[in-house]
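Colleague: Could you take me through the helix packing in this model, and then a few individual residues?

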Amino acid sequence: MLAWRVHRNGEPAEVMRLEEVEPPVPGAGQVRLRVRAANINFPDALLCRGQYQVRPPLPFTPGVEICGETEDGRRVIATPELPNGGLAQYVVADEAALLPAPDTLDDAEAAALHIGYQTGWFALHRRAALRPGETLLVHAAAGGVGSAAVQLGKAAGATVIGVAGGRNKTAVAREMGCDVVIDRRTDDIVAAVKEATGGRGADVVYDPVGGDAYTASARSVAFEGRIVVVGFASGTIPSPALNHALVKNYSIMGLHWGLYHSKDPSAVARCHEELTALAARGGIRPLISERVAMKDGADAVQRVADGATTGRIVVLPEEKH
């Protein structure tokens, strides 16, 4: 089979190689899946660079979520077992963790429903307890993770303020349903949030960026607001001023969604049921900006690493472009 492999750590475009390899062999409790679509995530770039919290042995195949097909023809969503990630024609995955792909979504959309939307749902509902009528501030609102949070916030009845960089990305954020859009390149985020909320600030902040985005979040969060930290796409991990959190009465929450697989796997399944129902009634739909062939996998991961994309890029292994 064909698979993208990383033999040394570095930038994706430099270290990923498309190779012919033997299909992975399932272990106990695992199944082999034919990959129908593999969604590109920022962690795939971090895996290539050797900067992810999981460091699979070299060589490995990146790709942390797919829509695949079982040997009996079922269409499923899965997290492949590293080091044999999803940018390949076949993967192995834990059978108990397979989730049914919603009938209302095509393969590319189904592949993109999993990590980003689960992260958003757990962050907004389980951690921050977002309520109807509250204001949600979403950083990187045009990206894969951010656009999912925008949709989930709107579905929950919140007013959503989206932050994005540049004319193209702010237009996408607006199309995704943001009530207010802030261009981080030209606008003062704190002033814009205060203006949009009558000086109150945002009740919930969804931050997958860190760095300057977190600094703006702390300055624009409301009394008894909640900041949920879900990642550091900026590359800078902030150091929160806890005295500021004390005097302003806000909470700083972390979310590592992957922990739920071991700590509370039934919650992951319940979340998927909720996401499937939301998709069925049109409340959410993954934003797929591109569907690319296998040969373009390394370029796709590099562009995600560079922050040059909107929504999701999905690799379709059987497409011949």
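Modeller: A definition comes first: axes are lines fitted to C-alpha atoms, for helices over the stretch in contact, and angles run from 0 to 180 degrees between N-to-C directions. Helices (H or I, at least four residues) and strands (E, at least two) are DSSP runs, numbered from the N terminus. This is a predicted model, in which local features need pLDDT of at least 70, side-chain atom pairs count only at pLDDT 80 or more, and totals for chains, interfaces and linings use all residues. Residues are numbered from 1 along each chain as its sequence is written, and side-chain values use heavy atoms, with hydrogens and water left out.

Colleague: At what angle do α2 and α12 pack?

Modeller: The angle between helix α2 (residues 42-49) and α12 is about 100°, and their axes are 8 Å apart. That makes α2 roughly perpendicular to α12, a label for angles of 65 to 115 degrees; under 35 counts as roughly parallel, over 145 as roughly antiparallel and the rest as oblique.

Colleague: Which residues make the contact?

Modeller: From α2 there are F42, D44, A45 and R49, and from α12 there are V301, V304 and A305. Contact means heavy atoms within 4.5 Å. By class there are 5 nonpolar, no polar and 2 charged residues. Here Ala, Val, Leu, Ile, Met, Phe, Trp, Tyr, Cys and Pro count as nonpolar, Asp, Glu, Lys and Arg as charged, and the others, Gly among them, as polar.

Colleague: And how do α4 and α11 cross?

Modeller: Helix α4 (residues 115-127) and helix α11 (residues 265-280) cross at roughly 100°, and their axes come within 10 Å. Helix α4 is thus roughly perpendicular to α11. On the α4 side the contact uses Y117, Q118, W121, F122 and R126, and on the α11 side A267, V268, C271, H272, E274 and L275. These residues divide into 7 nonpolar, 2 polar and 2 charged.

Colleague: What is the ring geometry of W121 and F122?

Modeller: The search of the whole structure finds 2 aromatic pairs. The ring centres of W121 and F122 are 5.5 Å apart with the planes at 80°, so the pair is edge-to-face. Rings of Phe, Tyr and Trp (its six-membered ring) pair if their centres lie within 6.5 Å; planes under 30 degrees apart count as stacked, over 60 as edge-to-face and the rest as tilted. W121, F122 and Y260 form one aromatic cluster.

Colleague: Is F122 buried or exposed?

Modeller: F122 is buried, with a relative accessible area of 0%, whereas W121 is partly exposed at 21%. Buried means under 20% relative accessible area, exposed over 50% and partly exposed in between, with a 1.4 Å probe and protein chains only.

Colleague: Changing topic, how many disulfides are there?

Modeller: The count is 0 for the whole structure, a disulfide being a pair of cysteine sulfur atoms within 2.5 Å. C67 is in no disulfide, and the nearest cysteine sulfur, that of C271, is 17 Å away. C67 counts as buried at 0% relative accessibility, and C271 also counts as buried at 0%.

Colleague: Where is T309, and what does T309 touch?

Modeller: T309 is in the loop between α12 (297-305) and β15 (312-316). T309 is buried, with a relative accessible area of 14%. Leaving aside neighbours within four places in sequence, T309 is in contact with K169, R303 and V304.
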